[in-house]
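Let's take a friendly walk through a protein model, starting with the whole and ending at a single side chain. Have the viewer ready.

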Amino acid sequence: MLFENGINMTLIIIVLLILGVLLFARHRRAALAGNDIAVNHSQEHTLSALIQYVKDQLHDMSHSRLSDYGLNEEEYRRRIAKRTELRQALKGCISGDVMDKRYVKDFIAGLLHKGYGLNETNINQIIPFDQEERLTTGEQFDILLYRYISEYGRDGLSMLIDTYDLAAPKLIETDGDSLSYAITDHDIQQIFRQEYRPLTFEEKLDIVTQKVYQHYKGFSVIDEIRDQRVDGVSGGVSGVLEDSGQLTPRYMPNPKDEVVEPPAKGWESVWLFYKGKSIHLSFLSFGSVRELKRVCQNIYKYNHPGQLSEANGYKVNEMKDGSRIVVVRPPFAESWAFFVRKFDVQNATLEQLIRGDQSAMVIEMLVYLMKGARITSITGAQGSGKTTLLMALVKHIYASYTLRVQEMASELHLREIYSRRNILSFRETENVSGQQGLDVQKKTDGTVNILGEVATDEVAAWMIQMAQVASLFTIFTHHAKTFRDLIYSLRNSLLKTGVFQNEVIAEEQVVSVINFDIHLKRDAEGQRYIERITECVPVADLSEEEDHNQRYTFIARNIIEYHDGVYVAVHPLSTKNKIEMQEQMTTQDRVSFERFVHTYWGQAV
């Protein structure tokens, strides 16, 4: 009897357990499949708990088997479509797609509010919105940036920086006696005190949602900054290395036992490139090497460019919005680091780029170089604005011409700017070199060849040959500091690649190809300007009087120079270039060009 009672009790317990499991599974499936998400009021109210909750929920929603839910056909199809949309957004949001990012953030906000149960009270446990004095500098910045973005959109960060003159040079104690560009904790705290006001629950939820998103799918503390209209942002490029075990001399203990500031860590490294200035956002930190590494491993992934590894220690790619991405890692680099370079397509016009007295003269000169089909180089240091100027110049090439573009990484995106023109771009890949790309390019009926950057000997040599026979004219960028450096660099490329063996003949070939050089400069305060426009005049084209005792193969004549904020007309154009430019122009442009030359140089064409 006792034995039978024991069996019955065991069966009852088993049945109850099975019923409990079934009820739990049904409740969970209903939560996942239904429009509403069950609220759990027993959750821990910390940012890390929110992040883990969102990860778990989105994983379940994007990987669960809907066939187990007993849905009717219409509901099943709706759920499949919704899950597919979510999966695509989760993949696209890390590629610079703002719409996918917005979709994922809206989804997260719904999870936090309806599922996690965030409300007016407990949201302050995540970030102490109700206690101003407890907010960290980073949290204060998040609130400030959120408010400025809400009002000014992609210009929010620019407005914040310009309103409080944060891009001005300042003396930082740890930087010695020299001025540097930095936005410090003190700057943010002071601005926050001036602008603080209570936030609504919706605003708090938006800010918390962004915090969760940037540590889950986004790019940590630079996530919102990257979306702003700035020149670029980088990370991992300063601070003491994690495993170095060393202190720099200024941080070593001193005999007076003075209190010294500890060295910055490698993950406390966020730099903003803004209006030509590299500004240290010293109040921001990735928090750990692990978080910096996560950003580096994700930010370059658009269009599957291959794996960043110890064997392949760098990647150059672009994001969906056209930003150029460079990522490096050890052992190739001393630390994990990334560089995001943005190109302001909206402001890629000559009128926007060229300012100062007599800027109209410079703009007209550049326009006529394009209409006159001159082979033109754009030189200057990194960050001087070469790519943006090249974008703007394309507008003034006759629309009937076909354009072929070769780049190391896609940066120009000319078809997005000039969508109705015949433009095709090529880029280097792991399997197709720049020279191979140029070989193909010459078979694609291109009238104008554009090289994003002449960075290798092979491409430089090919460019010289191509400019001689394969197209009407060529535009390219180069990092040469002077015009003479440009000529010699291209000459040496011809020699290194074996195209020519004689130095003089190689130089003569380069000189016969290059017509003009536009040299850009960025001063210590970040101002960009055209330092000079130089015409290359081969010695063979000079008269006997001009060629007297000439030892060089060319003369570099500055047509226009920049002096103390004023553009000045210097030497007149050579007769040969004037005639050849007119031959390429329409009748109307030819007349305007004659008037232009006479106005500034007093010449008759």
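What does the accessible surface of the protein come to, and what share belongs to carbon and sulfur atoms? The surface comes to about 30,900 Å² (Shrake-Rupley method, 1.4 Å probe), and carbon and sulfur atoms hold 51% of it. This is a predicted model, in which local features need pLDDT of at least 70 and side-chain atom pairs pLDDT 80 or more, while totals for chains, interfaces and linings use all residues. Residues are numbered from 1 along each chain as its sequence is written, and side-chain values use heavy atoms, without hydrogens and water.

The protein has 21 helices and 18 strands, taken as DSSP runs (H or I, at least four residues; E, at least two) and numbered from the N terminus. Of its 605 residues, 49% are buried, meaning under 20% relative accessible area with a 1.4 Å probe and protein chains only.

Now turn to β16, residues 528-538, where nine of 11 residues are buried. β16 pairs antiparallel with β15 (residues 516-522) over seven bridges, and antiparallel with β17 (residues 554-563), also over seven bridges; pairing requires at least two DSSP bridges. Within β16, E535 is the bridge partner of F516, and E535 also bridges to R557 in β17.

S574 touches E535, V537 and R557, leaving aside residues up to four places away in sequence; contact means heavy atoms within 4.5 Å. S574 counts as buried because its relative accessibility is 11%. Its side chain also reaches the backbone nitrogen of N577 at 3.3 Å.

Conventions
Buried means under 20% relative accessible area, exposed over 50%, partly exposed in between (1.4 Å probe, protein chains only). A polar contact is a pair of N or O atoms within 3.5 Å; within protein, one must be able to donate a hydrogen and the other to accept it, and residues adjacent in sequence count only if both atoms are side-chain atoms.
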